[in-house]
Protein chains: 2
Amino acid sequence: MDLITATYLATRPDRDPEELAENIAREQSLELVRELIPDAIAERLLGQVLAVDRLDQRRWALKIGYPAELASGRIGQLLHLLYGNVSFYPRIRLTGLALPDELLDELAGPRAGIDGIRQWISVFNRPLLATVLKPRGSEPEYFAGLARRFARAGGDILKDDQNLIERDTANFRRRVSACARAVEAAADETGRRCLYLPHVAGSGDFLHARLEIVAGLGLRGVVMCPWVMGLETAAAAAREFDLMWLAHPAMAGSFTEADDHGVSTAVMLGMLVRIAGADISIFPGSGGRIASHHEPDEAETCHALTRPLGQLKAALPCTGGGKTLELAPETARRLGNDCAVLVGGDLLSRGERMEASVASVVSRLNAD
Amino acid sequence: MDLITATYLATRPDRDPEELAENIAREQSLELVRELIPDAIAERLLGQVLAVDRLDQRRWALKIGYPAELASGRIGQLLHLLYGNVSFYPRIRLTGLALPDELLDELAGPRAGIDGIRQWISVFNRPLLATVLKPRGSEPEYFAGLARRFARAGGDILKDDQNLIERDTANFRRRVSACARAVEAAADETGRRCLYLPHVAGSGDFLHARLEIVAGLGLRGVVMCPWVMGLETAAAAAREFDLMWLAHPAMAGSFTEADDHGVSTAVMLGMLVRIAGADISIFPGSGGRIASHHEPDEAETCHALTRPLGQLKAALPCTGGGKTLELAPETARRLGNDCAVLVGGDLLSRGERMEASVASVVSRLNAD
C-alpha cells in the first residue's frame with residue numbers, strides 16, 4: 001500500500017511513546033479507538049506506526065504511515081491528515097514528510113518553478129534580488145515610480161506588500177496597471193523583464209476579479225498568503241489562471257517558531273507550499289528584523305524547496321523579513337545560487353541612491 | 001478615528017516592552033520604520049500603542065490600536081493585521097480583540113446563530129447533544145443508519161467527520177443524500193428535526209459543487225474547517241449559499257495550545273470565528289481525549305461566542321474532542337444552557353444501547 005509518512009517529534013511525551021504513536025496514527029486517520037473500526041476499514045485506512053526512535057533524554061521521533069487514499073488527492077485534506085487534530089496534542093511537532101509518487105503527481109507542484117522564473121527574467125546564473133512595494137496608503141503613481149526605479153536598476157522580483165488590498169476592484173486595477181506599465185517601460189529600456197507580483201487575497205468573486213485583472217494585464221504571477229487564505233484556495237486560484245505564485249508566510253510563524261510544537265519550517269514553508277504549487281516561498285531565515293531562532297531551518301527549507309521530488313519542479317527559496325542590501329550577497333552565498341533575497345525597507349531607505357544600491361548589489365550577486 | 005484594539009501578551013520580551021509594542025504597531029500596520037512613512041499616511045494608517053502594562057515578573061500586556069481601515073472590511077485581512085507577521089516574533093500571544101461597530105456590522109457574524117439553530121431543531125431550553133458520523137470508509141447506508149438512530153433517539157446536531165471527503169461529486173451526493181433522507185425520516189417519526197451538517201472542503205468548483213448539493217437537499221448547514229480552508233473562504237462559501245456553518249478547529253491547536261505564543265482560544269475559536277459568521281464553534285474545552293491545558297479557556301471561549309457584540313448574533317459554543325456521554329450533563333452545566341456537547345466515539349461504543357443512551361442523556365440535559 002502507498003503510504004504518506006509523517007515524522008513527529010515528541011518532546012517529554014505525556015504517555016508511553018509507543019502508545020502515543022498509536023494514538024496519533026488513529027487520531028489522524030480514523031479518529032476512533034481500534035475496537036470500533038471494522039477490520040476491512042482498518043486494513044485499508046488506519047494509520048500505522050512505522051518507527052519510534054528515542055533521540056535523547058526527552059525527545060522521541062514517531063514515524064507514522066498513513067494510507068495515501070486519506071489525502072483524497074487534495075492539499076487541504078493532506079493538512080488535516082498530517083496535523084489537523086494533533087495540533088491540539090501537547091508537544092508534538094511535525095518535522096518530516098514523504099509522499100508516494102502517485103500523490104506527488106496528482107498534487108503537481110509548481111507550474112513554472114525556478115526555471116520558469118529564470119526564463120521570464122532572463123537571469124540564469126546568480127541569486128535574485130527581490131523587493132516589496134509599500135507602504136499601504138501611497139498613491140498608485142508612487143508605487144509605479146518605485147517599481148520602475150527598481151526594475152531599471154536591474155532588480156529581479158517585485159512584490160506587493162501583503163497588506164495592499166483594495167476594497168474596490170477599480171482601485172486595484174488602477175494601482176496594478178500602473179505598476180505593470182512601469183515594469184514594462186523599464187523592460188523596454190533595459191531589454192530585460194522584472195517579475196512583478198501583485199498581492200491578491202480573499203475568496204470567491206472578490207479573488208476571481210483580481211486574478212482576472214492580473215492575467216488580463218499579461219502579468220505572470222501573484223503574491224498570496226496561503227496560511228491566511230487557505231493553502232488549497234491559493235493553489236487552485238493560481239492554477240485556474242495559469243499564474244505563478246509567491247507564498248507569503250503570514251500567520252505561519254505560530255507553527256514554525258514553536259520549539260516543541262507546530263510544524264517545522266522545512267515542512268511548512270518548504271515541502272507543503274511546494275507540493276501545493278507555489279513557485280516562490282518566502283521564509284524568515286537568518287538575520288534582519290524577522291529571523292527564525294531555529295538554526296538549521298534555512299538550509300533545510302532551501303533543500304525542501306529544491307531537492308529532487310518526484311516529477312515536481314523546484315520552487316525558489318526567498319528569505320525575507322527585514323533583510324538588508326548589505327547582507328544580501330552573504331545571505332545568497334549561504335542559501336545557494338538558486339535563491340532570492342527580499343529587501344524591503346532597507347532599499348526604500350536609500351532614497352536617491354536606490355538605483356545605484358540595487359545595481360551594486362546585483363553586480364555583487366553576479367560576481368560571487 | 002475608529003480603532004481595532006488588539007492586546008498581545010509578551011512573555012520575557014526580547015527588548016524594552018515599550019519599544020516592542022511600537023515595533024508591533026508598525027510591523028502589523030505599515031511594516032516600515034517610522035522615518036520612511038510619510039506623515040499623512042502615518043496619521044491615517046499607522047498602528048498606535050495604547051497601553052503597556054506589566055502583569056508580573058515576566059509578562060506584559062501590550063495594547064495596540066490599528067486604524068479600522070487596515071482590515072479592508074475583510075476577515076482575511078483582519079487576520080493579517082492582528083497576527084500575520086507577528087506570528088514570527090518570539091513569545092507574543094494575541095489574547096484580546098475589540099472591533100469598532102462599523103467593522104462588526106460589515107463582517108456581519110452568524111446568519112442563524114443560537115436562536116436560528118434552536119428554531120430549526122425546536123429545542124429552546126436546554127443544552128444540545130451533538131455527534132459525529134464516522135469512520136471514513138463506511139458505506140453511505142451505514143452513515144444513514146447511524147444518523148437515523150441518533151435523530152430518532154432525540155439527538156440534536158449530527159456532523160460529518162472532517163475526514164469525510166469524496167473525490168467524486170456523485171459519491172458525496174450519494175452519502176449526503178442518504179443521511180439527509182435518514183434524518184428526514186426520523187423527523188417524520190418524532191415530529192422534531194435534527195440538524196445534519198455535511199462536511200465540505202476545498203475551494204472553487206470542488207467546494208461549489210458540494211455546497212450546491214447540500215443546499216439542493218434542503219439541508220440547513222455544513223461543517224467547514226476554517227483554519228485549513230481559510231477563514232474567509234469558509235465564511236464566503238456559507239454566505240453565498242445561505243447556509244449555517246459549524247467551524248471545526250483542525251490545525252488551530254498550534255495557535256491556541258501554545259503558552260506564550262499564538263492566539264488565545266477565546267479570540268481564535270471564539271471571537272474570530274463568530275465575526276466570520278460561524279453559527280457553531282467547536283473547541284476542546286476540558287476533559288476527554290483532546291482537552292485544552294489552558295484553564296480559563298472554556299468559560300472565556302463561551303463568553304466570546306455569546307456575549308453582546310454589536311449587532312452580531314450569538315454563536316453556539318460546542319465542546320468536543322473525545323467527550324463522553326456520561327460527562328455531557330456536567331460539561332453542559334459548566335458551559336451554560338446555550339451550548340452543545342459533541343460526543344463521538346463514546347456514543348458509537350454503546351452499540352445496541354445507543355438510542356437508550358442518547359435518550360437518557362437528553363433527558364438529563366432537560367432536567368438540569
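Q: Is the crossing in which α14(B) passes α16(B) left-handed or right-handed?
A: This is a predicted model, in which local features need pLDDT of at least 70. Residues are numbered from 1 along each chain as its sequence is written. Helices here are DSSP runs (H or I, at least four residues) numbered from the N terminus. With the near helix turned clockwise from the far one by less than a right angle, the crossing of α14(B) past α16(B) is right-handed.

Q: How are α14(B) and α16(B) oriented relative to each other?
A: The axes of α14 (residues 328-335) and α16 (residues 354-367), both of chain B, come within 9 Å. These axes cross at roughly 30 degrees, on a scale from 0 to 180 degrees between N-to-C directions. Angles under 35 degrees count as roughly parallel. The two helices α14(B) and α16(B) are therefore roughly parallel.

Q: Which residues of α16(B) does α14(B) meet?
A: On the α14(B) side, the residues in contact (heavy atoms within 4.5 Å) are B:Ala328, B:Pro329 and B:Ala332. By class, this contact has five nonpolar, no polar and one charged residues. The partners in α16(B) are B:Val361, B:Arg364 and B:Leu365.

Q: At what angle do the axes of α6(B) and α16(B) cross?
A: Helix α6 of chain B covers residues 140-152. It passes α16(B) in a right-handed crossing. The two axes come within 8 Å and cross at roughly 35 degrees.

Q: Which residues of α16(B) meet α6(B)?
A: From α6(B), the residues involved are B:Leu146, B:Arg149 and B:Phe150. The contact has four nonpolar, no polar and two charged residues. In α16(B), those residues meet B:Met354, B:Glu355 and B:Val358.

Key
Chains lettered and ligands numbered in written order. Predicted model: local features only at pLDDT ≥ 70, side-chain atom pairs only at ≥ 80, totals over all residues. Heavy atoms only, no water. Parallel < 35°, antiparallel > 145°, perpendicular 65-115°, else oblique. Nonpolar A, V, L, I, M, F, W, Y, C, P; charged D, E, K, R; others polar.
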